[in-house]
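Hi,

Have a look at it first, then read on.

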Amino acid sequence: LKQFETDSVGKADGVLDAAAMSALDTRAPQDGKPQTKYPKYEELFKDGLLDATIAVGYDENGNFDYEIDAIRERIESELGCTKVDASKAAAAYKGAGMAMPSHGEGEYFLAENAFKYKQKGVSVLVRLVTYRDPEARDAYLEALQKSDVSVYTGHGRYGSGPDFDDKH
């Protein structure tokens, strides 16, 4: 957000305000007119936690192993998160009035008070789930239902969706 603000608005305070949103709108024109579709930020940030799940699928050639390492590095370097153990993640979820995910394990990364929304600090908690987790599929399905943001990277098996296991 700060980099986008520096590039587009001329200030970098890390606050997602009207000026930043207006600049974002100009980046997503539709029929030559800026869009004004906004997520419900009040709902998204009301608990003070933005929780995200990133899932990485199976690759028969092992190419995603490199991607997993790169994703870890980016979570830490670009999002400013620090790897934390499950108990620290559970405390962050509990502080936001949320339950710890019940499926799979994964790795957790946390940035406390990563940004401000309406003068309130919002922490970011990222869960990285990979095909190595025996419950990866169930963990990702749970994330689709409960996480604020969920992302899958990898291929889908025969167009049926995320692929977390060896095809054999």
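This is a predicted model: local features need pLDDT of at least 70, side-chain atom pairs count only at pLDDT 80 or more; totals for chains, interfaces and linings use all residues.

The side chain of D133 reaches the backbone nitrogen of E105 at 2.5 Å, and a polar atom of that D133 side chain also lies 3.3 Å from the backbone nitrogen of G106. Polar contacts here are pairs of N or O atoms within 3.5 Å; within protein, one must be able to donate a hydrogen and the other to accept it, and residues adjacent in sequence count only if both atoms are side-chain atoms.

Residues are numbered from 1 along each chain as its sequence is written, and side-chain values use heavy atoms, with hydrogens and water left out.

Back to D133. You'll find D133 in the loop between strand 6 (120-130) and helix 6 (136-146); helices (H or I, at least four residues) and strands (E, at least two) are DSSP runs, numbered from the N terminus. Leaving aside neighbours within four places in sequence, D133 is in contact (heavy atoms within 4.5 Å) with G104, E105 and G106. D133 is buried but has no salt bridge, and R127, the nearest side chain of opposite charge, is 4.8 Å away. For charge, Lys and Arg count as positive and Asp and Glu as negative, with His and the chain ends not counted. Buried means under 20% relative accessible area, exposed over 50%, and partly exposed in between (1.4 Å probe, protein chains only). A salt bridge is a side-chain nitrogen of Lys or Arg within 4 Å of a carboxyl oxygen of Asp or Glu.

So where are the salt bridges? A search of the whole structure finds 10. E107 takes part in two that I'd look at: one with R72, closest N and O atoms 2.8 Å apart, and one with K83, at 2.9 Å. The R72 pair links distant parts of the chain, with E107 in strand 5 and R72 in helix 4, 35 residues apart. K83 sits in strand 4 (residues 82-84), so its pairing with E107 ties together parts that are 24 residues apart in sequence. E107 is buried at 15% relative accessible area, whereas K83 is partly exposed at 45%. D69, R72, K83 and E107 are linked in a network of salt bridges.

Another salt bridge joins K46 to E43, closest N and O atoms 3.2 Å apart. K46 is exposed at 54% and E43 partly exposed at 49%.

Now the largest pocket, with a volume of about 850 Å³. It is lined by 26 residues, and L1, E78, L79, F115 and V124 lie nearest its centre. Helix 4 gives the largest share of that lining, 5 residues. For the method: on a 1 Å grid over the protein atoms alone, a pocket is an open set of points where a 1.4 Å probe fits, with protein on both sides within 12 Å along at least five of seven lines, and lining residues have an atom within 4 Å of a point. Grid points are joined across faces, edges and corners, and the volume is the space filled by probe spheres set on the points.

Last one: A23, in helix 2 (residues 18-27), is buried at 12% relative accessible area. A23 touches F4, S8 and V9, not counting residues up to four places away in sequence. A23 and F4 are 19 residues apart in sequence and 8.9 Å apart in space, C-alpha to C-alpha.

Cheers
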